[in-house]
Each structure stands twice: as C-alpha cells, then as structure tokens.
Amino acid sequence: MARNQVTWAAVQAASTAILKEGLSLLVRGKAPEGVAPTYPGNYLALKDGVPLYIGESKSVGSRVAQHRDAKSPFCKSLAKAFGETVTAEDVEFHYLHTIFGRKDMEEYGMFSLGPQFNKSHKGRIFPEPTTEKASCKWHAVYSTYAGCWKASLVDTTISWHTVEANLEQILEDGKAALFAVEPRPILHHEKLAMPGVYLISRGEEVFYIGESVDLASRLGTHCKNARFSAFRRSVAERELGFTLKTKQELGDEKSTDTKRSHLAPEEEAAINEFLEGCKVRYMPVCIGRIELEEFLIREVDPKLNKRR
C-alpha cells in the first residue's frame, strides 16, 4: 500500500485483522533467555502452552519482573490455581514490541485467548475482519464520526508492520479526526459505551485529554464526583482552589478511606457549575486509543493533564 493511503479511518476499519496479526506475533514472540525488554508493548504468560495472562506496559521487562516477585498478585494467582510448588519460574513469558494499539492488543488477547488470570476489560467485543461492507452496530456507530470510514470495504492490505511504518501519519490523521468532531456540552454528552478518546475544552482552551475502554462510563464519572475522576480533582485544585480531603475530614468518622480525593457536596456542586461552561469532543477508537491520547497530550499540552 502506498504511504499516503494509510489513513486513520482505514486503520480503524482494519483493526481486528491488524490485532489478529499482532497477537500471532506475540504468541510466537518469546524473548531470548536472560533478556528483559525495556520497550513498550505486550507480554503473554503461558504455562505448558496454556495462556494465563496477557498485559501491556510502557516497559514490558519491568512489568514482567514485578509479576515474577513471589509476593505479586500474579504469583499468588499461580499458587491458588496450581499449588504452592508452582512459581513464576515455571511460566514462559512472550514479548511483543507494540508502538500502536498495545491496550487494544491486551483486550483482544483476553477476547481471543481467554487467559484465566485476566479479570478486567473482558467484555469488549471485536468484530471479525471482513471484506464485506461494515454492517455491525459497532461499525455503524463509528461511521457517524468525522474522519471515520463510511461503511466502506475493509482494506486487507494494511498489516501490523504497515501501521508501524506509518505511525506519525496515522496519529496526525487521528488528531484531525477528533478535532473535526462537533463539541457537545460535557454535562449532556451522548452515552457512548465504546472504547475511545475525548478532549474537554472551555472556550478555546483545551483543558483535558483522556481515553477509556468505555467513553460513557468515563465521561459520566467526570460529571459526578471527584473520588474517581482525575479531571474533577484537577478542576477542584487548580481552577477553583479547593483542597482535597479524606472522608474523615468530611465528617465520616467510621470511614477507613484515607485518600485525599474527596470534596464537600457544595464543592462538587461548584465543579458542576464550572463544567456548565465546558464542552467535549469524543470519538470511538477500535485500535490505538492510548497512543492517540499520548500523542495529543504531547501536541496540545492540555492545561489539566498531569502527564505534561
């Protein structure tokens, strides 16, 4: 495929085929003995050829080293499943250098391999690759967003390595697609329960950029309370001058929650009043949502993102 033909929309349309190819590379991708890869990517833990866990990290070697610690949740899961005599030394780890779609690869691996130790994000559905016109609900919804394919044929010539070779172009195209989406009031956003990216602005200023496996849930959290929303906590501290508190400091003497991540009801109401002036752009993303989020944060430098 010619370089100028690899668009964000084309990659999204071919996402399941790309992930299928990547997962095949991961299953075959055992690292040489003694080598701990420091690159971003995915890893797969197997025992006797059976998948136990698939994960992603900015440094796969460091993450696997954590799993090998005898006190880690992974080792505890091993002991519970196979007995105390089985340790991380009995597990084989495979690695894949993933520069685009590492979170989606993790979720696709859960969907395809069913590793028994993975617990979260198991419900994501991946439409099968097809050369027919996109007809499933996922594709129908996705096609309504700017820069996305319009029920077009999936281009089966786009491969895992094609995406790697055209990464910057694809991310630039994804940025343009998100900015082409019409902004909506954040407190009255559409309930879109799909993986994707979002951008929150106030006037002409971009305040926050994020990603989620479930846009409806994440944006709903941003509109409710500070405890589970980094965005709301940033608004509270950096825009409104509030101080985050523990539950005990708010009068709940029986609470064992010691995290300073709570606000008084009147402060939460003040944040909602602030959010009345905010709008959000969002779009579903089949593959590459973490990489697009990271790219946008580097390019746009939003005011309230801590990863600046």
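Mentor: Let's start with a definition: a salt bridge is a side-chain nitrogen of Lys or Arg within 4 Å of a carboxyl oxygen of Asp or Glu. One case here joins the side chains of Lys103 and Glu106, at 2.6 Å from N to O. This is a predicted model, where local features need pLDDT of at least 70 and side-chain atom pairs count only at pLDDT 80 or more, while totals for chains, interfaces and linings use all residues. Residues are numbered from 1 along each chain as its sequence is written, and side-chain values use heavy atoms, with hydrogens and water left out.

Trainee: How many salt bridges are found in the whole structure?

Mentor: The search gives 17.

Trainee: How far apart are Lys103 and Glu106 in helix α5?

Mentor: Helices are DSSP runs (H or I, at least four residues), numbered from the N terminus. Lys103 and Glu106 sit three residues apart in helix α5, so about one helical turn separates them.

Trainee: Are Lys103 and Glu106 buried or exposed?

Mentor: Buried means under 20% relative accessible area, exposed over 50%, and partly exposed in between (1.4 Å probe, protein chains only). Both Lys103 and Glu106 are buried.

Trainee: Which parts does the salt bridge of Arg102 and Glu291 tie together?

Mentor: Their side chains meet at 3.7 Å, N to O. Arg102 lies in helix α5 (residues 102-113) and Glu291 in helix α12 (residues 289-300), so the pair ties together parts 189 residues apart in sequence. Arg102 and Glu291 are buried.

Trainee: Which residues are linked in a network of salt bridges?

Mentor: The network links Glu56, Lys58, Arg102, Lys103, Glu106, Glu291 and Glu294.

Technical notes: Helices (H or I, at least four residues) and strands (E, at least two) are DSSP runs, numbered from the N terminus.
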